[in-house]
Number of protein chains: 2
Amino acid sequence: MSHVVKKRKLDKTRQDRLYFDSYTDVTIHEEMIADHVRTNTYRMAILRNSESIRGKVVLDVGAGTGVLSIFCVQAGAKKVYAVEACSIAEQAVKIVQQNNMEDKIEVIRGTVETVDLPEKVEVIVSEWMGYALLHESMLNSVLYARDKWLNPGGIILPSKAELYIAPISDPVVEDRLHFWYTVKDQYGVDMSCMSDFATRCIMNSDITVNSVTVEDVLSHPARFAELDLHSVTVEELRSVKGKFRCESFGSAAVNAFCVYFTVTFPCPDKPLVLSTSPFKPETHWKQAVLYLDAPVDVVQDTVVTGEVRMYPSEESGRHICIHVDYTIGEQKRQSKTFSIPDWSSEAQP
Amino acid sequence: MSHVVKKRKLDKTRQDRLYFDSYTDVTIHEEMIADHVRTNTYRMAILRNSESIRGKVVLDVGAGTGVLSIFCVQAGAKKVYAVEACSIAEQAVKIVQQNNMEDKIEVIRGTVETVDLPEKVEVIVSEWMGYALLHESMLNSVLYARDKWLNPGGIILPSKAELYIAPISDPVVEDRLHFWYTVKDQYGVDMSCMSDFATRCIMNSDITVNSVTVEDVLSHPARFAELDLHSVTVEELRSVKGKFRCESFGSAAVNAFCVYFTVTFPCPDKPLVLSTSPFKPETHWKQAVLYLDAPVDVVQDTVVTGEVRMYPSEESGRHICIHVDYTIGEQKRQSKTFSIPDWSSEAQP
């Protein structure tokens with residue numbers, strides 16, 4: 001039986017405290033380290049960049065348990081500043097010691113906006129991506145670090161982020177809406193009139209974090225935004241937007257859009273991509289699912305066009321909102337704004 | 001990435017608002033109706049009591065979608081007052097109409113403490129059970145209704161509740177703690193020192209709602225409390241306690257207790273029991289799991305004794321706390337107090 005916490009405007013300090021508190025539990029760190037796609041892609045990217053890292057000074061923004069800092073030392077870094085605001089920094093100190101790297105890695109407890117480093121750096125590494133890429137707004141901190149601490153010509157790992165969208169047909173929604181028609185056969189009570197209420201509740205304006213199955217994706221995904229981490233500004237992150245155009249693979253009922261991201265690491269041979277696409281192995285980011293108010297039928301080659309805009313919520317700057325304007329086939333243009341619910345918490349298995 | 005909402009003392013009105021808001025979403029009602037053990041046991045119990053219900057006036061406390069009220073009409077009730085404080089009452093009105101029972105069922109929006117019924121009743125039916133039986137304290141409302149509206153000699157469905165406890169060995173915890181020893185092989189980073197931190201986080205003082213597997217239960221469960229709904233008082237619910245004694249089936253590491261309940265319906269032939277035991281088919285209540293601070297080894301016939309006390313939390317009267325004093329084998333007596341975390345929300349699949 002679930003408890004809904006009502007939305008309310010939070011002051012900045014409280015927002016930050018809630019945000020940083022959320023990383024004091026082991027679960028999120030376990031989930032991140034156990035996410036093999038995430039951790040291994042970072043590891044490969046750092047090791048393949050050892051030519052750029054060897055003998056250099058590195059800044060790890062939001063270091064968490066310090067695993068990326070350790071990869072950087074393994075790639076030959078002279079010095080790594082592992083900046084972490086949460087109490088998990090205490091664990092990072094222990095892990096650095098256990099790996100005998102206390103002479104190379106300095107764990108600094110604090111936000112990157114307030115800490116003072118003894119020198120500038122040649123490399124910034126950070127795993128800053130949230131749900132739908134920008135939830136939690138940690139990229140702002142990376143850009144702040146870049147502008148303040150990165151030497152000209154320095155590198156950022158990853159260096160590019162891209163956002164994609166595709167129409168999908170989520171069968172779980174269909175099943176859940178159909179459920180109310182099955183109650184009469186089971187218990188002799190007609191509850192089919194609940195279907196309208198269920199539609200309003202389920203196809204709401206929350207950003208739902210879900211694993212989208214390949215078969216449920218109805219077109220090639222369309223890229224609608226690209227961020228170059230060397231040049232993008234905090235100001236530009238206040239509104240990340242772009243147009244999209246998709247063509248349906250076949251006949252289906254579109255009931256949602258799915259939004260996901262990739263980030264790219266420059267590498268000497270060819271770039272390494274960390275993808276959260278539903279066509280790739282699952283990551284802990286899964287995909288962001290945005291339900292329409294009602295399903296819309298499409299056939300093969302039906303064109304779905306529109307524009308996506310992502311921006312920080314007014315109530316809490318760390319929460320992302322996604323506004324989608326869209327036209328499906330001959331339908332008139334529609335729009336819907338989605339946000340991450342306050343109580344978005346990972347299910348504890 | 002999970003957000004922790006800090007505990008704070010809530011005023012009574014706010015507590016009630018949060019509580020009643022939590023039932024405005026379709027998900028909880030879908031889960032309850034789809035819980036076949038729950039819904040079908042109530043249905044059978046009501047139909048088998050048709051001799052006591054036929055021609056009588058019934059009060060349904062916290063009627064939700066009104067399904068129990070409809071069962072009562074199917075059992076021959078002359079009139080059912082379906083009292084529901086949440087907006088789901090609007091759906092109950094529609095469902096009653098759809099089943100052509102608007103002359104028999106009167107849906108009344110309000111709390112049972114404040115509504116005014118035109119007459120006393122012969123039967124009270126209610127599905128009031130929360131996690132660990134008493135979470136959400138809805139039984140208080142049933143007792144209030146009993147004292148105010150139930151005629152002498154009237155019946156309450158269900159009429160009895162019993163609480164059980166058993167030591168368990170949760171293998172998921174073992175796996176999660178072991179995970180940190182596997183990181184070195186995977187990524188070349190020794191993170192085994194995280195195991196202590198993980199133990200503190202995972203074996204914390206939250207009441208965890210989990211499905212306990214039969215194989216993980218280490219002894220016959222012990223009943224530690226029984227509530228007779230005809231006689232128990234609100235005052236007595238402020239501290240529900242009892243002693244227990246279990247004997248271990250075999251060698252294992254106890255890392256938790258599991259607490260669950262049954263409720264019993266009187267029936268003309270033999271009583272009908274709705275059980276949430278791990279030995280019975282799963283219900284949406286699952287079991288309440290209480291983790292010890294550290295695992296304790298037991299062998300066959302090791303005696304586990306103790307006392308459980310359940311009481312409403314000081315911060316929020318609707319939240320339950322469970323205090324367990326226990327002795328495992330030759331170990332010295334220990335105690336730990338558990339509570340349901342504020343953000344306890346059902347995982348949305």
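A: Strand 4 (residues 121-126) and strand 5 of chain A pair in the parallel sense over 4 bridges. Helices (H or I, at least four residues) and strands (E, at least two) are DSSP runs numbered from the N terminus, and two strands pair if DSSP finds at least two bridges between them. One bridge to look for is that of Val123(A), whose partner in strand 5 of chain A is Ile155(A).

In chain A, 5 strands form an open sheet with parallel pairing, in the order 3-2-1-4-5. Strand 3 (105-109) and strand 5 (150-157) of chain A are the edge strands, each pairing on one side only. On average, neighbouring strands of this sheet are turned by 20° against each other, direction ignored. Helix 7 (residues 139-149) of chain A packs on the sheet, where it touches strand 1 (57-61), strand 4 and strand 5 of chain A. The direction of helix 7 makes about 155° with that of strand 5 of chain A. For such angles, axes are lines fitted to C-alpha atoms, for helices over the stretch in contact, and the angles run from 0 to 180 degrees between N-to-C directions; contact means heavy atoms within 4.5 Å.

While you are in chain A, have a look at Ile95(A) too, in helix 6 (residues 88-98). Ile95(A) counts as buried because its relative accessibility is 0%; buried means under 20% relative accessible area, exposed over 50%, and partly exposed in between (1.4 Å probe, protein chains only). Leaving aside neighbours within four places in sequence, the contacts of Ile95(A) include Thr65(A) and Ile70(A), as well as Val189(B) and Met194(B) from chain B. Ile95(A) and Ile70(A) are 25 residues apart in sequence, with their C-alpha atoms 9.1 Å apart in space.

How far can you trust the picture? Chain A averages a pLDDT of 92, and 91% of the residues score at least 70; pLDDT is the predictor's confidence in each residue, from 0 to 100. Over residues 1-9 of chain A, however, the pLDDT is below 50. Where pLDDT is low, the predicted coordinates should not be read in detail. The model scores ipTM 0.89 and pTM 0.90.

A last word on conventions: residues are numbered from 1 along each chain as its sequence is written, and chains are lettered from A and ligands numbered from 1 in the order in which they are written. Local features need pLDDT of at least 70, side-chain atom pairs count only at pLDDT 80 or more, and totals for chains, interfaces and linings use all residues, while side-chain values use heavy atoms, with hydrogens and water left out.
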